[in-house]
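Please examine the sequence and the three-dimensional structure shown below. The paragraphs that follow lead through the salt bridges, the sheet, the nonpolar cores and one of the helices.

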Amino acid sequence: MNPTKKEFGAPILKIEGLGKSYGSLQVLKGIDFEVEARQVVVVIGPSGSGKSTFLRCCNGLETAEQGTVEIVGKKLVDHGKMMGESGLNQLRTDVGMVFQSFNLFPHLTVLENVTLAPRKLRGMTRGEAETVARELLAKVGLAAKADVFPSTLSGGQKQRVAIARALAMQPQVMLFDEPTSALDPELVGEVLQVMKALANDGMTMLVVTHEMGFAREVADVVVVMDQGRIIEAGPPAQIFTAPREARTREFLQAVIAR
């Protein structure tokens, strides 16, 4: 459990009755949840429980058919109706997203990858964007890699560039969709260290992950999902040592026994 007593702010993400289906398959079944400013919320649960779909509904990458999603003060989904494309593009400047795959542009240098969106979407000059980018690359331990191409980087380094790229937009909240799942085991730690540093700096984070150690150490709240529902949520000490639900106990026993 995160030992530092943190002061949280007003909810930055509010979800009510969130529902999502693919044809006849209902993937999310009435999700209700809030994330407060500066909170680190980690979502765990078995594969197929709806974790990634839930996360992607929080920035409009998936279209929810039911419920309400309000994030950074904007109604992304209002009683099942999605906001318009222009509003969605503006919202995504305030909501950073890091995926399983790195999605870096192979023909651009690391520095160009990080500066592209701030210049195009935030209106920064090249000089302003490069100053911010170099500071962020230093923060993720990659200052020396600014002028190389992504093909020369390890998977862990690519993911750290992806984190720097998301941070360059100066988001109010960061969403992470299993950011270490595509990495070799020896590279996982370097990405988790960057995420821990962000948490310590007070970044609001919603993280879907299978890294139970990270959840136990860094999360303020752990959310357990199963079959499209949140079955319980609470501080790491409660979830990992005294879960209320039998399904949570079964899941944790299976994961920790691996």
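**Salt bridges, sheet and cores**

A network of salt bridges links Lys20, Arg56, Glu62 and Glu65; a salt bridge here is a side-chain nitrogen of Lys or Arg within 4 Å of a carboxyl oxygen of Asp or Glu. The model is a predicted one, in which local features need pLDDT of at least 70 and side-chain atom pairs count only at pLDDT 80 or more, while totals for chains, interfaces and linings use all residues. Residues are numbered from 1 along each chain as its sequence is written, and side-chain values use heavy atoms, with hydrogens and water left out.

The structure holds 10 salt bridges. One of them joins aspartate 94 to lysine 74, with the closest N and O atoms 3.3 Å apart. This pair links distant parts of the chain, 20 residues apart: aspartate 94 is in the loop between helix H2 (85–91) and strand S7 (95–98), and lysine 74 is in strand S5 (residues 74–78). Helices (H or I, at least four residues) and strands (E, at least two) are DSSP runs, numbered from the N terminus. Aspartate 94 is buried, at a relative accessible area of 9%, whereas lysine 74 is partly exposed, at 26%. Buried means under 20% relative accessible area, exposed over 50%, and partly exposed in between (1.4 Å probe, protein chains only).

A salt bridge also forms between the side chains of lysine 139 and aspartate 201 (2.9 Å, N to O). Here lysine 139 belongs to helix H4 (residues 126–139) and aspartate 201 to the loop between H6 and strand S9 (204–208), 62 residues apart. Lysine 139 is partly exposed, with 45% relative accessible area, and aspartate 201 is exposed, with 54%.

The next topic is the sheet. Five strands form an open sheet in the order S2-S1-S4-S5-S6, with antiparallel pairing; two strands pair if DSSP finds at least two bridges between them. Strand S2 (25–36) and strand S6 (81–82) stand at the edges with a single partner strand each, so one side of each has no neighbour in the sheet. Strand S1 (residues 11–22) runs antiparallel to S2 and is joined to it by nine bridges. Lysine 14 has glutamate 34 in S2 as its bridge partner.

In soluble globular proteins, nonpolar side chains tend to be buried together. The largest nonpolar core of this model has 52 residues, and Ile44, Ile163, Met174, Phe176, Met195 and Met205 have the most contacts inside it. Such a core is a set of buried Ala, Val, Leu, Ile, Met, Phe, Trp, Tyr and Cys residues joined through side-chain atoms within 4.5 Å.

Leaving aside neighbours within four places in sequence, methionine 205 is in contact (heavy atoms within 4.5 Å) with residues including Val41, Met174, Phe176, Met195 and Leu198.

Helix H9 (residues 246–256) has Thr248, Phe251, Leu252 and Val255 as its buried residues. These residues cover an arc of only 95° around the axis, which puts them on the same side of H9; the arc is that of the directions from the helix axis to the C-beta atoms. The buried residues of H9 pack against elements including strand S3 (40–44), helix H7 (212–218) and strand S10 (221–226). Aspartate 226 forms a salt bridge with arginine 247, the closest N and O atoms being 3.2 Å apart. Since aspartate 226 lies in strand S10 and arginine 247 in helix H9, the pair ties together parts that are 21 residues apart in sequence.
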